[in-house]
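Please look over the protein chain shown below.

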Amino acid sequence: LLPSLLFGITRDIRSNPMRRRSREETRCFVNDWAFQVTLGVSSLNYRGVGSVVDRLQLLTPIVEFGLEKTFTNVWSGRFIVSGLYSKSREETFSYYNVRGDIMFDVIDFFSSKQENSRFDLKPYFGASIIARLDEQSRFLLGTAFGAVVSYHMDKQHSLFFDARYLITPHRFAHVQEKQGTFSVGLATLTFGYSYTFTHSSF
C-alpha cells in the first residue's frame, strides 16, 4: 500500500479572450504572488492526551513562511515552510514541515458583486512532508486541512488568522501509548501578514 498526495498547478498555454468568464482570473502568471510570514502556537495531539489542561501544557510556538499564488478570485494555492519545536509528555523535539495547500474562497464564490470583498474565508486542503530533526532520514507524509480568515488593508497588504490540523503518521510521536492510524497530529492557530509583491489583478 503506497498512499500518495499530490499538489499541482494548471495554466492555460493559450488563453481565449472570447471565452465568457464567470469569475475574475489572474491576467498573467507572474502577477498575484504574495509572501507570507506567520507566528502562532501548535499542540501535539496523540492518544493518551485527553483533557484540555493536558493539551494546553503541550502548546509550543510555531513560525511559518509562505508563498501564495492567486489564480482567480475564488481559487488560490500556496507553498508553506513551517516548524520550530513540539513536545509530548515524554520529550521535546524540533521538526520542520513543508506543505502545499489548495484554497477556496467561500465569500467571493457566493458573492454576486464583481468586486472582491475586503474579507476572505478560505477553507483549504494540503499535502505535506514533515520530519523530526533528530531523524533526518525519516520523511513522513501528512495531510492538512483548515481555514484562513483574511482582511485586506489594500491591494498589497493583508492580515489573516489560520486554524489548521495536520494529520501525521503515528511514528511522528514517540510515546508509550499505542497509536492509531490517524491519532497523531498537530493542531495549529496562527496570525500572519501577507504582502503581494507583484501586480495584483484583483
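Is Gln36 buried or exposed? Gln36 is buried, because its relative accessible area is 3%; buried means under 20%, exposed over 50% and partly exposed in between, with a 1.4 Å probe and protein chains only. The model is predicted: local features need pLDDT of at least 70, side-chain atom pairs count only at pLDDT 80 or more, and totals for chains, interfaces and linings use all residues. Residues are numbered from 1 along each chain as its sequence is written, and side-chain values use heavy atoms, with hydrogens and water left out.

**Overall fold**

- The protein chain has two helices and eight strands. These are DSSP runs, numbered from the N terminus: helices are H or I with at least four residues, strands are E with at least two.
- Along the sequence, the pattern reads β-α-β-β-β-α-β-β-β-β.
- The C-alpha trace spans about 60 × 35 × 25 Å along its principal axes.
- Of the 202 residues, 40% count as buried.
- Contact means heavy atoms within 4.5 Å. Among contacts with a separation of 6 or more, 62% come from residues 24 or more positions apart.

**The barrel**

- Eight strands form a closed barrel in the order 1-2-3-4-5-6-7-8, with antiparallel pairing. From one strand to the next, the twist averages 25°.
- Two strands pair if DSSP finds at least two bridges between them.
- Strand 1 and strand 2 (residues 59-70) run antiparallel and are joined by 11 bridges. Trp33 stands opposite Lys69 in strand 2.
- Strand 1 also runs antiparallel to strand 8, with 12 bridges. Asn45 has Gly185 in strand 8 as its bridge partner.
- Strand 7 (residues 157-167) and strand 8 (residues 185-196) are antiparallel too, joined by 11 bridges. Ala163 stands opposite Leu189 in strand 8.

**Gln36**

- Gln36 sits in strand 1 (residues 33-45).
- Its side chain makes a polar contact of 2.4 Å with the side chain of Glu68. A polar contact is a pair of N or O atoms within 3.5 Å; within protein, one must be able to donate a hydrogen and the other to accept it, and residues adjacent in sequence count only if both atoms are side-chain atoms.
- Not counting residues up to four places away in sequence, Gln36 touches Glu64, Phe65, Gly66, Glu68, Arg78, Ile80, Phe160, Tyr193 and Ser194.

**Ser158**

- Ser158 lies in strand 7. Why is Ser158 buried? Ser158 counts as buried because its relative accessible area is 7%.
- Beyond four places in sequence, Ser158 touches Tyr151, His152, Met153, Gly192, Tyr193 and Ser194.

- On a 1 Å grid over the protein atoms alone, a cavity is a set of points where a 1.4 Å probe fits but cannot get out, and lining residues have an atom within 4 Å of a point.
- The largest cavity holds about 40 Å³ of space. Grid points are joined across faces, edges and corners, and a volume is the space filled by probe spheres set on the points.
- Its lining consists of Ile62, Ser82, Tyr95, Asn97, Arg164, Leu166, Leu186 and Thr188.
- Strand 4 (92-104), strand 7 and strand 8 each supply at least two residues of that lining.

Terms used:
Axes fitted to C-alpha atoms, helices over the stretch in contact; angles between N-to-C directions. 1 Å grid on protein atoms, 1.4 Å probe; cavity = no way out; pocket = protein on both sides within 12 Å on 5 of 7 lines; lining within 4 Å.
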